[in-house]
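The following exercises are to be worked with the sequence and the model in view. Each task is followed by a stepwise solution.

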Amino acid sequence: MLILNNVKKTQEQFKAAASAPLSVRQTLALLSISMYAPRSTNSIAREIGVSAGAMTGIIDKLERLRYAKRYRSYSDRRSVLITLTDKGKALASSIVNPTTS
């Protein structure tokens with residue numbers, strides 16, 4: 001029964017992710033940031049398996065949609081960190097914990 005419940009939850013998560021206005025890579029980045037924010041673009045890129053250049057485009061899109069924002073690290077001004085906005089947190093939460101209909 002536990003396996004069946006896990007499969008059902010996974011199916012619901014896939015449906016929620018598919019309905020999000022993001023590509024698969026953008027969704028993976030959003031979820032990665034939600035789990036370990038704040039994150040550097042390099043650490044997100046390594047985790048989801050994209051180049052640093054591709055990561056820039058992904059973060060640009062998340063910022064344009066107001067799901068994420070960049071800011072300079074206080075401890076190292078050369079470092080740029082990424083965090084989610086409230087809108088981004090809500091979307092990530094809706095993917096990870098979809099409501100059951």
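A charge sits over a ring if NZ of Lys or CZ of Arg is within 6 Å of the ring centre and within 35 degrees of the ring normal. The model is predicted, so local features need pLDDT of at least 70 and side-chain atom pairs count only at pLDDT 80 or more, while totals for chains, interfaces and linings use all residues. Residues are numbered from 1 along each chain as its sequence is written, and side-chain values use heavy atoms, with hydrogens and water left out.

**Exercise 1.** Identify the ring over which the charged end of K87 sits.

Solution. The ring is that of Y67, and the charged end of K87 lies 5.0 Å from its centre.

**Exercise 2.** Classify the one aromatic pair of the structure.

Solution. Step 1: rings of Phe, Tyr and Trp (its six-membered ring) pair if their centres lie within 6.5 Å; planes under 30 degrees apart count as stacked, over 60 as edge-to-face and the rest as tilted. Step 2: the ring centres of Y71 and Y74 are 6.3 Å apart and the planes stand at 40 degrees, so the pair is tilted. Step 3: buried means under 20% relative accessible area, exposed over 50%, and partly exposed in between (1.4 Å probe, protein chains only). Y71, at 27%, is partly exposed, whereas Y74, at 74%, is exposed.

**Exercise 3.** Determine which strand β2 (residues 68-72) joins by five bridges, and in what direction the two run.

Solution. Step 1: strands (E, at least two residues) are DSSP runs, numbered from the N terminus, and two of them pair if DSSP finds at least two bridges between them. Step 2: the partner of β2 is β3, and the two run antiparallel. Step 3: A68 stands opposite L84 in β3.

Terms used
Helices (H or I, at least four residues) and strands (E, at least two) are DSSP runs, numbered from the N terminus.
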